[in-house]
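Subject: Structure handover

Hello,

Here is the structure for you to look through. My notes on it follow below.

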Amino acid sequence: MNFTNFDFDQLFSMSDDSNPLMMLVWILPIILFVFYGQQIQLFVTSREIKKGLKKLDSFREESRTELINYIKNNLNPKEDPVKKIDKFLDYFTIMPVDMDPNGIVDKVRHTVRSREDYTRNHVKSLSPEMSDIELTKVQTLLEIASSLQMIYKIINHMFLTAKKQNNYPLILPLQMILPFIMEQAEAMKEAIPAFKAGQPVGDGIGPMIVGKMMLDCNKETVALETSWAKTEFENRHLHLLKAEGPGSTVGRPADGLEKIITENKIDAIIMIDAALKMEGEDSATIAQGFGAAIGGIGTERFQIEAIAASKEIPIFSIVIKQSVKEAITLMTKEIADIADDVRSQVHEMIRENTAEGQSVVIIGVGNTSGVPQ
């Protein structure tokens with residue numbers, strides 16, 4: 001049989017406008033979309049979101065299992081940690097009321113630090129022999145698992161609410177933000193092996209550079225999980241500050257800076273940190289600027305800016321661009337290789353902005369996992 005000889009025009013009578021079959025072919029879809037368009041769009045969109053939710057659920061479960069197995073296999077807990085871990089994962093933080101913004105930063109700092117102290121003490125209770133380095137690792141893994149659980153719950157809530165109301169416009173924002181959420185969630189999931197193994201992550205490039213400058217210097221603890229060393233460079237006094245490695249912590253650089261400035265006259269502050277690159281920018285590119293280069297919820301940055309403003313000390317910054325995934329997963333060779341270039345730029349910045357005899361604080365900002373000093 002030769003199928004190429006069909007005359008479609010004749011079959012559907014496409015040239016005849018009065019053919020009832022042709023009228024049905026055109027009119028039926030229009031009627032369907034007019035009366036059921038939103039339901040059809042809701043069905044198609046829901047399928048895509050369900051795929052994302054399934055992935056988020058697997059990330060959440062995987063991170064929880066990794067955390068429990070790490071504690072059981074490495075830390076010799078006194079009792080089964082599953083119940084306590086599940087309780088930690090559901091912990092929440094209620095931020096202070098901000099109707100009156102006066103003093104809000106102190107309130108936020110107090111709330112966040114109280115939570116950190118509480119988590120630290122209760123994680124320590126899982127295994128009293130746990131070293132400080134292991135403690136910081138477990139805290140970080142707990143933060144990752146807790147964040148993935150919260151992301152899953154929020155997205156699932158938004159999805160189920162839209163489905164319950166059978167409301168397509170309600171599901172549209174979820175469809176738009178889901179790719180960004182998935183990128184963050186996948187990055188967190190892939191960060192787990194690096195933190196478990198105590199390896200450096202991309203965010204640790206600042207502490208790595210300052211840590212190298214601290215080699216062969218006497219170090220002391222200047223604030224919680226924060227290390228300080230003094231050295232000289234071309235007749236300038238350098239105060240080096242970074243989180244205390246190789247544990248997985250960002251330290252408290254603002255408290256460290258406050259103590260240094262109360263005991264010394266400082267003429268400039270230089271901060272080195274990782275920064276998110278824009279789309280189209282290359283990873284591991286270096287940029288210089290002014291102002292406090294530090295992420296987080298803003299309390300550390302506020303404190304550093306307040307200290308600098310009160311003493312009229314200029315703040316210079318150097319940032320190393322990278323993606324979200326690069327920032328929290330194992331540091332790439334490309335990022336590690338620019339450490340010496342950044343150090344040269346720090347020296348150049350010191351020469352250009354200070355005179356001999358003056359003092360500079362250099363702060364390496366970021367998670368110092370796997371980065372000693």
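Which side chain meets that of R252 in a salt bridge? The partner is E116, at 3.2 Å, N to O. A salt bridge here is a side-chain nitrogen of Lys or Arg within 4 Å of a carboxyl oxygen of Asp or Glu.

Some ground rules. This is a predicted model: local features need pLDDT of at least 70, side-chain atom pairs count only at pLDDT 80 or more, and totals for chains, interfaces and linings use all residues. Residues are numbered from 1 along each chain as its sequence is written, and side-chain values use heavy atoms, with hydrogens and water left out. Helices (H or I, at least four residues) and strands (E, at least two) are DSSP runs, numbered from the N terminus.

Salt bridges
The whole structure has 24 salt bridges. R252 and E116 also belong to a salt-bridge network with D117, R120 and E225. R252 is buried, at 12% relative accessibility. E116 is partly exposed, at 32%. (Buried is under 20% relative accessible area, exposed is over 50%, and partly exposed is in between; 1.4 Å probe, protein chains only.)

K325 pairs with E190 at 3.0 Å, N to O. K325 sits in helix α10 and E190 in helix α6, so this bridge ties together parts 135 residues apart in sequence. Both are partly exposed: K325 at 43%, E190 at 33%.

K137 pairs with E134 at 3.8 Å, N to O. These two are 3 residues apart in helix α5, which means about one helical turn between them. K137 is buried, at 12%.

T136
T136 is also in helix α5, residues 132–165. T136 is buried, at 5% relative accessibility. A polar atom of its side chain lies 2.9 Å from the backbone nitrogen of S248. Beyond neighbours within four places in sequence, T136 is in contact (heavy atoms within 4.5 Å) with E225, G247, S248 and T249.

Helix α6
Helix α6 covers residues 168–197. α6 bends by about 40° at I177, and a proline, P179, follows within four residues. The bend is the angle between axes fitted to the seven residues ending there and the seven starting there. Buried residues of α6 include Y168, L178 and F195. The buried residues of α6 pack against α2 (20–74), α5 and α10 (324–328). Just after α6, G198 takes a positive phi of about 65°.

Best wishes

Technical notes
A polar contact is a pair of N or O atoms within 3.5 Å; within protein, one must be able to donate a hydrogen and the other to accept it, and residues adjacent in sequence count only if both atoms are side-chain atoms. The expected span of a helix is 1.5 Å times one less than its number of residues.
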